[in-house]
Structures are given as C-alpha cells and as structure tokens.
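Hi,

Here's the model I promised to send over. Have a look at it first, and then read on for my notes.

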Amino acid sequence: MMRVFILICVSLLIQLASTHDEDVHTVQYNEETFPTEVPKKNHFIMFYAPWCGHCQRLAPTWETLAEMLNEEEDSRVKIAKVDCTTDSSICSEHDVTGYPTLKFFKAGENNGIKFRGTRDLPSLTAFINEQLGSIPKDAELDTTIPDPVNGLIELTDATFNDHVAKGYHFVKFYAPWCGHCQKLAPTWDELAKSNSHDTLVNIAKVDCTQYRSVCEQFDIKGYPTLLWIENGKKIDKYSGARTHEELKEYVAKMLQKSTEKVDESDEAVNDNIQSVLNLTGETFEHGIEKGVTFIKFFAPWCGHCKRLAPTWEDLGKKFIDNPNVHIVKVDCTLSTNKQLCDDQEVDGFPTLLLYKNGQKIDEYNGSRTLDDLHDFVVERLQSHDEL
C-alpha cells in the first residue's frame, strides 16, 4: 500500500514539474527576487499552489497573457507568479488566503490591487488596462457608426454589429498595451488608407479591453487577431505575415473569392465560416432583435449537447447566406450568461428556443436531426415573411 502511495506522489510531482516547465513566458519570483524586481515595473502576479485545481486551470491563460506581454521590450506590465508553498512569507505579507490570488502591483508601490473578476483572457486584459489608466471612464453610449479616419473605422460594442451586418470587413481585434498590436498599428493604418477608395471592403479595429462583449462574441483568444467578416459572420482568420504588401494581397484575394459566384464545387470553402454565432448576456438583446434567431442554450459538459454540436454547425451552414436567419449558441455555464439563461427559463440542456424580431415565440422539442431542425426554421421563416 505504501509503495502505491509513493508511486502516486512521484507521478503527481512529475506532472507538476512538467506543467511548470511549460510556463516559459511567465516570470517566477521567490523571496529573494520579489522585493527587488516588483517595484521596478508594473506587475500582474498570480499567487498559487501547484496542487490547486483552479490554479492549474488558469495556468494556460496566464501563460498566454505572459507570452503577449513579457516578450515585448516596451511592454508596460510584466506577468509573474509566486509559489506560496515554497515562498510562503511573500504570500503571508500580501494577505493571500486562497489560491489563486491575482494582484496588480504598480511600479514603486508595495500594496497590490486584487483582481476579483472572472479568470478569462478578456477580463484579465480589461483589468490590466484599467490599472494602466487606458479606459475612458465616462464614455457615452453612441450607436452612430463613426466616419473613417484615413479609411480606418474604430468600432465599439454599440456600433460593431450594425457596421459588419452587411458587406466585407477586415477587422483588427487588439489591446492597446500589446506590443505586437503596437507594431502592427502603423501598418494597419497604412492598409486602411490604401483601401480608403475601395467601396467593397471596410478596414476596422476594435479595442478588446474596452469592448469585451464583441471580442467574446468572436472568441478572440489573443492579440492582435485579424478576422475577415462577411454579412456579420466570420469567414476567415488571417495568419500570414503582417506587412502592408501581404495584408493588401490578402484583402484582394478575399474580395475576389467572395465576389465570385459560389458553385457546388466551392462548398469546401465554407468549412472555415463561423456558421454559428456566440451570444452573451451583454450582446443577446441586440443579437436577436432582427429576423429569425434559433438558439441552443447548452453546457459544455452535457452529453446531449455534445452530440448535437456538429448538427448545429451544419444547420448554421444551411442558412449562412440568409441574412434573416441566425443560428446561435449560448453557453449557460459562463458567469456572463447565467442570468440570461435564468431569464429565458432554461431548465435543462440543450434547450432550443426560437425568436422573431426579439420575441421568444417557440421552443423546439422534436427530433434533433438536421432535416427536422432545418424544416422547423423554414416553417417559422415563411410565417415571418408573411407578416
């Protein structure tokens, strides 16, 4: 029995050591380095214990944050961590009573500001931006789409969906403090200017630290993210070189592909299209206000939801060219969506609800085959067209 216990402990230690080795971008501080290095610069620090499950789940996101910020010489903040099982005096000094505890330390200050939000990348980056003083505090809600400045349009939560609802759009999702974003900024301005006389395409940008709901809607995981959007739906994610020539060539290629008539031999192109839209508690009302919206309220751990997922994607593809139909999903386990799911009386997963012009009109309880789901939407769409 003792031998089995020892083997389990050794296995666990190997696993923890492996996890630690993967954190190549996050700075590890100890009792010697913490008091000398932290005052030199703004720091966002995770106080953790290796055996803590919440810490292990946060680790990949924390490492992504560190990769974005710690690799840039002109970054205004450093991402770090402290192991409270080996450097307990630091954690005691800073009132760490649970794991993980996340604190932002401004340069030259000894007391950190505790982060209390949800531990996802948009929330963490918004908190950093707030601490760096980059968020305007009393911004008024303006739904008017701004005029381009040298061809570049800056979008917000209030203007984004209306702007991209029709036509072709190349959008940069960014964070002001992101070094890669700062390097891209003049090139993106140049791209917008060079396309300013082209009425077919719009070059735009969205600050994800200010307008989180838009970035969550499009599953933005890192900065900058460059998406090609047509008629409100993501068609492609740009992953090439970020030179003006390469970006301009990409725009020309996407316009040529998009404006040509798509025949049956081109159906494979649709594999990269975002056929199902993600809505959150913040974007829900705006997302359902026009046309027919068919929504799957789900939980990622739900077996029935997992089985329905590929069919739901196929259903979205069937209506990809119909601007009056939106196939949507809402993850009810996210903190931003729990109240929404309660308000919509979701009491089981998956729950399939259909809305017309913002009003809930029907719940689907039939067979979950693609044909039956498609027929259900078409019937409601026809009655919608008759109104």
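Which residues of α5 are buried? They are L121, P122, S123, L124, T125, A126, F127, I128, N129 and Q131. Bear in mind throughout that this is a predicted model.

That list covers 10 of the 11 residues of the helix, which runs over residues 121-131, so α5 is largely enclosed by the rest of the structure. As for what surrounds it, the buried residues pack against two helices, α3 (53-70) and α8 (212-217), and against the strands β2 (42-48), β3 (77-83), β4 (101-105) and β5 (113-114). Just past the end of α5, have a look at G133: its phi is positive, at about 75 degrees.

Next, C208. You'll find it in the loop that links β8 (201-207) to α8. C208 counts as buried because its relative accessible area is 0%, against a cut-off of under 20%. Leaving aside residues up to four places away in sequence, C208 touches F173, Y174, C215, I220 and Y223. G222 sits 14 residues from C208 in sequence, with 9.9 Å between their C-alpha atoms.

Last, the surface. There's a patch of negative charge there, made up of E190, E245, E246 and E249. Helix α9 (residues 244-259) supplies the largest share of the patch, 3 residues, while E190 belongs to helix α7 (residues 179-194). With a relative accessible area of 40%, E190 is partly exposed.

Cheers

Technical notes: Residues are numbered from 1 along each chain as its sequence is written. This is a predicted model: local features need pLDDT of at least 70, side-chain atom pairs count only at pLDDT 80 or more; totals for chains, interfaces and linings use all residues. Side-chain values use heavy atoms; hydrogens and water are left out. Patches are made of residues with over 30% relative accessible area and no salt bridge: like charges are joined within 9 Å, nonpolar side chains (Val, Leu, Ile, Met, Phe, Trp, Tyr) within 5 Å. Accessible areas come from the Shrake-Rupley method with a 1.4 Å probe; for residues, only the protein chains shown count as cover. A salt bridge is a side-chain nitrogen of Lys or Arg within 4 Å of a carboxyl oxygen of Asp or Glu. Lys and Arg count as positive and Asp and Glu as negative; His and the chain ends are not counted. The place of a charge is taken as NZ of Lys, CZ of Arg, CG of Asp or CD of Glu. Helices (H or I, at least four residues) and strands (E, at least two) are DSSP runs, numbered from the N terminus. Buried means under 20% relative accessible area, exposed over 50%, partly exposed in between (1.4 Å probe, protein chains only). Contact means heavy atoms within 4.5 Å.
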